[in-house]
Each structure stands twice: as structure tokens, then as C-alpha cells.
Amino acid sequence: MPLLIRNADMVTADSRSRGDIYIEDEAITRIGPNLDAPPGTEIVDATGKLVFPGFIDPHVHVYLPFMATFAKDTHETASIAALVGGTTTYIEMCCPSRLDDALEGYHLWKSKAEGNSACDYSFHMSVTKFEGATEQQLREIVTDGIASFKIFLSYKNFFGVTDDEMYQTLQLAKKLGVIVTAHCENAELVSRLQEMLLAEGKTEPEWHEPSRPESVEAEGTGRFATFLENTGAAGYVVHLSCKPALDAAMNAKSRGVRIWIESVLPHFLLDKTYAEGPGVEGMKHVMSPPLRDRRNQKVLWDALAQGFIDTVGTDHCPFDTSQKVLGRDAFTQIPNGIPGIEERVNLMYTYGVKRGVLDLHRFVDATSTRAARLFGLFPRKGTIAAGSDADLVIYDTGYRGMLSATAQHTNCDYSGFEGMEIEGRPSVVTVRGRIQVRDGKFVGERGRGRMLKREPMYF
Ligand code: URP
Ligand code: ZN
Ligand code: ZN
């Protein structure tokens with residue numbers, strides 16, 4: 001059935017206009033004033049609300065075997081949480097470990113998502129070793145529609161690659177025209193610092209941050225940039241958390257290195273004191289890179305406002321409290337990660353746009369459009385235009401509420417943002433023209449999501 005959105009105040013990364021939006025066969029077909037519609041068309045009146053392109057989360061974990069356990073969401077729970085929060089597309093990290101076969105891993109991740117996601121999705125393919133079969137396998141995965149790789153400079157012996165493996169991955173990526181996303185922390189230093197702190201009897205969650213200090217992230221970021229510079233590949237730093245790492249990336253940008261920067265929701269709003277709480281309270285906020293000293297938050301917001309930080313993701317990675325306590329005797333055993341897929345848009349709108357630190361268009365750019373452009377989804381996703389997929393968020397700026405685990409859709413028994421106020425939330429969310437959410441409730445079709453085939457961008 002066609003859908004007509006009347007009186008839309010449309011906000012994209014670079015424009016604002018009023019009109020009606022007509023949707024047929026999953027796509028926007030017409031935009032203009034007072035559009036007519038055939039009988040039987042479903043009509044939604046958007047008067048008084050903002051209409052955004054569907055938001056894109058470029059960094060999430062759904063299926064994830066990690067740190068002796070599995071992240072808690074399924075593709076059904078994660079995608080419903082995403083949609084309720086206004087995210088209509090997510091890119092999941094496909095993360096087989098060094099012990100696994102990459103191609104088998106890719107097929108496993110694909111099979112987990114297929115038919116189970118309520119919104120569209122893609123994968124960044126992790127390269128966690130580089131050996132005989134790797135090049136051929138990665139070529140096959142790129143041909144299947146995956147236009148980005150992921151490497152970890154951290155998590156030694158599990159996901160982490162050596163410098164030589166990083167070099168080979170970047171060389172191949174350059175040839176294939178795909179971008180390489182990277183978790184930038186020095187694995188050797190993290191491992192030595194962890195050993196040293198534990199030997200001193202420092203076992204509580206508060207020691208997680210000192211085991212991965214800002215300098216360790218800055219070194220990883222700088223090294224990744226140097227490898228990009230010397231291979232000519234294009235790269236994207238994931239979850240950048242602090243000023244020294246930002247300086248390293250900006251320095252590389254100024255030398256002409258093709259490097260883009262993502263920061264994630266927790267680092268804009270939470271600081272390391274959250275991880276210093278006693279027992280499981282602190283453990284809930286253990287992630288990598290860790291929550292930082294508060295002084296970094298203004299640096300991140302300023303860089304985001306100016307577009308130096310390109311995108312805001314979540315690194316959504318829910319481990320519940322029964323899993324977090326695996327680290328009761330040693331902070332190194334606390335499963336790293338925090339949920340956020342549901343909260344990202346509302347929190348960035350409230351603490352960015354509403355507080356006057358983030359321009360409305362930059363907000364759309366950072367949470368949707370720029371990820372679409374970088375990862376080969378634009379203009380299908382990330383904008384409101386005739387021909388684009390009809391992924392739309394009709395946003396109620398008058399809504400007032402408070403975040404709580406009791407009301408969330410992600411499969412986790414806590415919220416890292418418990419008690420935070422929000423000033424706005426999606427009122428209607430569509431995925432390719434079908435209404436999936438109304439006023440905080442999922443009302444849609446569970447298996448609607450499709451894997452998006454992406455073409456290499458040859459940056
Ligand atoms: O703490 C985190 N970030 N957990 C998920 C794995 C990763 O590094 O992205
Ligand atoms: Zn990471
Ligand atoms: Zn991650």
C-alpha cells in the first residue's frame with residue numbers, strides 16, 4: 001500500500017524544506033506541496049514534527065563470541081531496539097577470531113541475521129589474520145556486497161593483527177577499493193600494563209582505564225595512519241575516545257592521509273568515573289577504549305560540531321550483569337562493551353542539538369548521511385530524495401522522557417545511560433515504506449530487514 005506523509009518539515013544533512021512525501025514500492029517517488037494520492041493510500045500527518053532520513057549506526061555488535069561469552073542480543077532484539085530509537089540501518093562487525101576461518105565466519109554471521117532483522121543491515125568484515133587463503137576469501141566477500149574491512153590493533157591473540165597483517169590487509173583493500181575500519185590501541189602495551197596492574201593487586205574495574213591509557217590509543221591511531229599513508233589505502237578509526245588520539249588522526253589528515261573518524265555515544269556523555277563504581281556498577285561501564293577523563297568530552301563535541309569527527313556510532317555490545325561479573329576477580333575478564341543502539345539518536349539530539357552544541361544538519365550528517373557516503377549506501381540511504389529508500393523518521397521534538405533498562409528493547413538487564421533525560425523521540429519510523437514503529441512501540445514486520453549489497457568506493 002502506498003504511503004503519504006503530509007506536511008513534512010524535512011531535514012537532511014544540507015537542506016530543510018516543507019512538503020509531502022509520497023512512497024510507493026519501498027522508495028520515495030515524489031516530494032512536493034499538496035501531493036495527490038490514489039484511494040487506499042495510508043496517510044500520516046507530520047505537522048509539528050521533524051522528518052529525518054533513517055539513521056545509520058555504522059558500528060554495532062549483535063552476534064559476538066567474545067571474552068568467554070556471547071553478546072546478548074539477537075538480530076531481532078537489536079534491530080527492534082535500533083528502530084524504536086530511529087536507526088533504520090546498522091553495520092555489524094563480522095568478527096571471526098584468529099582461530100576461525102574468515103569465509104566460514106562470514107557465512108555464519110550472515111545466517112544469524114538473515115530473516116531475523118527488522119531493519120536493513122550490512123557488515124564490516126573483520127580480518128583477524130592474513131594467511132594463504134585470506135586474499136581469495138576476502139575477494140569473495142567483497143563480491144558478495146561487503147565494501148569495508150575491520151582490523152583490531154588490540155585484543156592480542158584473539159582479534160588482533162600484527163603490523164605485517166595490517167600491511168597486507170591495507171594493500172589488498174587499496175586494490176579492491178574498500179575502506180578499512182580499525183580499532184586503534186597498542187596490543188602489546190595493553191597486555192603489559194594489564195599484567196603489571198594485576199601483579200600489584202589492582203583487580204577492580206577502575207583499573208581498566210589505566211591499563212589502556214590515552215597514549216596507547218594515540219599510538220595505535222598514529223600507527224594505523226602511518227600504514228594508510230604508506231599503502232595509499234583509505235581508513236576509518238572506530239570509537240576514537242580522547243584528545244591525543246584525535247590529534248594523531250588530525251595530524252594525519254593534514255598530511256593528506258585518507259582517514260575518517262568515528263566516535264561513539266558513550267564517550268560523548270559518560271566519563272571514567274562511571275567505571276570506578278563498586279563491583280558490577282563499575283563493570284557495566286567497562287568498554288574499550290575505556291571511558292576517559294571528562295576533559296575529553298568537550299574536545300569530542302567540538303570536533304564533531306566542526307565535522308572533524310565524521311560519524312557517531314554506538315559500538316553497541318550488550319553483556320548483561322551476570323556476564324559482567326565474570327570479571328569479579330580481575331578487570332581483564334570483564335566482557336568489554338555497553339548497549340547503545342536504542343539510545344544514540346535521542347541522546348545526540350538532546351545533548352547535542354537541544355543543548356546548542358550541534359547544528360541540526362551536522363546531527364543528521366554525523367548520525368546518518370556521512371556513514372552512508374563512506375560505506376557505499378548513499379543516496380539509497382542517508383537522505384530524503386526521490387529514488388531513495390523510504391527509510392524515514394518522523395521525530396517528535398516535544399517528547400520528554402527518561403531512559404531506563406526497564407523500558408528498553410535491547411536484550412540487556414541494564415542501561416549504561418540509566419536515568420538520563422531525553423527531549424525528543426521518533427514518533428513514526430519507516431523501513432522501505434513500511435511503518436515499523438509508532439510512539440516508542442514496535443508495530444512492524446519482524447523479518448523485514450535485508451542485507452544491503454555495497455559496492456567498493458575506490459576513494
Ligand atoms: O568494548 C568494546 N568496544 N567491545 C566490543 C568490541 C570492540 O572493541 O569493538
Ligand atoms: Zn573495538
Ligand atoms: Zn566494536
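Reader: In which sense do strand β10 and β11 pair, and over how many bridges?

Author: Strand β10 (residues 120–126) and β11 pair in the parallel sense, over 2 bridges. Two strands pair if DSSP finds at least two bridges between them, so β10 and β11 qualify with their 2 bridges. One of the bridge partners to look for is K150 in β11, which goes with S126. Before we go on: this is a predicted model, in which local features need pLDDT of at least 70 and side-chain atom pairs count only at pLDDT 80 or more, while totals for chains, interfaces and linings use all residues. Residues are numbered from 1 along each chain as its sequence is written, chains are lettered from A and ligands numbered from 1 in the order in which they are written, and side-chain values use heavy atoms, with hydrogens and water left out.

Reader: What makes a stretch a strand or a helix here?

Author: Both are DSSP runs, numbered from the N terminus: helices are H or I with at least four residues, and strands are E with at least two. Strand β11, for example, covers residues 148–152.

Reader: Why is β11 called largely enclosed?

Author: Buried means under 20% relative accessible area, exposed over 50%, and partly exposed in between, with a 1.4 Å probe and protein chains only. In β11, 5 of the 5 residues are buried, so the rest of the structure largely encloses this strand. S148, K150 and F152 point one way, F149 and I151 point the other way, and all are buried.

Reader: What is the handedness of the unit made by β10, helix α3 and β11?

Author: A crossover is right-handed if, with the strands pointing away from the viewer, the path from the first strand over the helix to the second runs clockwise. The β-α-β unit of β10, helix α3 (residues 134–143) and β11 is right-handed. The crossover from β11 through helix α4 (residues 163–176) to β12 is right-handed too.

Reader: Which strands make up the open sheet, and what puts β6 and β15 at the edges?

Author: The open sheet has 8 strands in the order β6-β9-β10-β11-β12-β13-β14-β15, with parallel pairing. β6 (55–60) and β15 (311–313) each have a single partner strand, so one side of each lacks a neighbour in the sheet. For β15, the pairing with strand β14 (residues 259–264) is parallel over 3 bridges, and V312 in β15 is the bridge partner of S263.

Reader: Which residues touch the most other members of the largest nonpolar core?

Author: A nonpolar core is a set of buried Ala, Val, Leu, Ile, Met, Phe, Trp, Tyr and Cys residues joined through side-chain atoms within 4.5 Å. The largest one here has 118 residues, and F52, F149, F224 and F363 touch the most other members. Helix α14 (residues 360–374) gives the most to this core, with 7 residues. Contact means heavy atoms within 4.5 Å, and the residues that F149 touches, not counting those up to four places away in sequence, include M125, L138, A173 and V180.

Reader: Why is α2 called roughly parallel to α3?

Author: Helix α2 (residues 102–113) and α3 pack at an angle of about 25 degrees, with their axes 9 Å apart. Angles under 35 degrees count as roughly parallel, over 145 as roughly antiparallel, 65 to 115 as roughly perpendicular and the rest as oblique. That is why α2 is roughly parallel to α3. Axes are lines fitted to C-alpha atoms, for helices over the stretch in contact, and angles run from 0 to 180 degrees between N-to-C directions. In this packing, A102, L103 and Y106 of α2 meet Q137, E140 and I141 of α3.

Reader: How do you know whether N157 and D315 are buried or exposed?

Author: Set each value against the cut-offs. N157 has 62% relative accessibility, so N157 counts as exposed; D315 has 14%, so D315 counts as buried. N157 lies in the loop between β11 and α4, and D315 in the loop between β15 and α12 (321–324). Neither is a glycine, yet phi is positive, about 65 degrees for N157 and about 55 degrees for D315.
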